[in-house]
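The sequence and the model come first.

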Amino acid sequence: MSQTCRVTINGRTVEVPAGTLVTDAARAAEVHVPIFCSHGKLPPLGACRICVVEVGTPRLGPDKKPVLGEDGQPEIAWMPKVQT
């Protein structure tokens, strides 16, 4: 059985196979991300920069467990720049 990961995009959470492209995960979550080069026969190059998105992961505490906010949701450590 392959590993899956849980991804939340614009408040919609989906489980996708590990290694799934963000654009494909967004499609699974029914979130539109403008893309130009996402074609099965083209490498996911990202040269046109149409598909830039903010990417973050749960912030981990000293015990390596996610730090939860007041609402009980994990705090997100955002990457410093948008990613293609």
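Among contacts between residues at least 6 apart in sequence, 16% join residues at least 24 apart. These values come from a predicted model. The chain has 84 residues, and 17% of them count as buried. Its secondary structure amounts to 1 helix and 4 strands, in the order β-β-α-β-β from the N terminus.

**Hairpin**

Strands S1 and S2 pair in the antiparallel sense, over 6 bridges. Together S1 and S2 make a hairpin with 2 residues between them. In the turn, Asn-10 has a positive phi of about 50°. Along the pairing, Cys-5 stands opposite Val-16 of S2.

**Nonpolar core**

In soluble globular proteins, nonpolar side chains tend to be buried together. Here the largest nonpolar core has 10 residues, including Ile-9, Val-14, Val-16, Ala-25 and Ala-26. Cys-51 and Val-53 are also among its members. S2 and H1 are the elements that give two or more residues to this core. With neighbours within four places in sequence left aside, Ile-9 is in contact with Val-22, Ala-25, Ala-26 and Val-31.

**Largest pocket**

The largest pocket holds about 910 Å³ of space. Its lining has 28 residues, and those nearest its centre are Val-7, Thr-8, Ile-9, Gly-56 and Trp-78. The elements that give two or more residues to the lining are S1 (4–9), S2 (12–17), H1 (22–28), S3 (56–58) and S4 (76–78). S1 provides the largest share, 5 residues. The table divides the lining by residue class.

| Class in the lining | Number of residues |
|---|---|
| Nonpolar | 17 residues |
| Polar | 9 residues |

**Glu-54**

Where does Glu-54 lie? Glu-54 is placed in the loop between H1 and S3. Is Glu-54 buried or exposed? The relative accessible area of Glu-54 is 63%, and the cut-off for exposed is over 50%, so Glu-54 counts as exposed. Apart from neighbours within four places in sequence, Glu-54 is in contact with Trp-78 and Val-82. Glu-54 and Gln-83 are 29 residues apart in sequence, with a C-alpha to C-alpha distance of 6.3 Å.

Technical notes. Residues are numbered from 1 along each chain as its sequence is written. This is a predicted model: local features need pLDDT of at least 70, side-chain atom pairs count only at pLDDT 80 or more; totals for chains, interfaces and linings use all residues. Side-chain values use heavy atoms; hydrogens and water are left out. On a 1 Å grid over the protein atoms alone, a cavity is a set of points where a 1.4 Å probe fits but cannot get out, and a pocket is an open set with protein on both sides within 12 Å along at least five of seven lines; lining residues have an atom within 4 Å of a point. Grid points are joined across faces, edges and corners, and a volume is the space filled by probe spheres set on the points. Ala, Val, Leu, Ile, Met, Phe, Trp, Tyr, Cys and Pro count as nonpolar, Asp, Glu, Lys and Arg as charged, and the others, Gly among them, as polar. A nonpolar core is a set of buried Ala, Val, Leu, Ile, Met, Phe, Trp, Tyr and Cys residues joined through side-chain atoms within 4.5 Å. Buried means under 20% relative accessible area, exposed over 50%, partly exposed in between (1.4 Å probe, protein chains only). Contact means heavy atoms within 4.5 Å. Two strands pair if DSSP finds at least two bridges between them.
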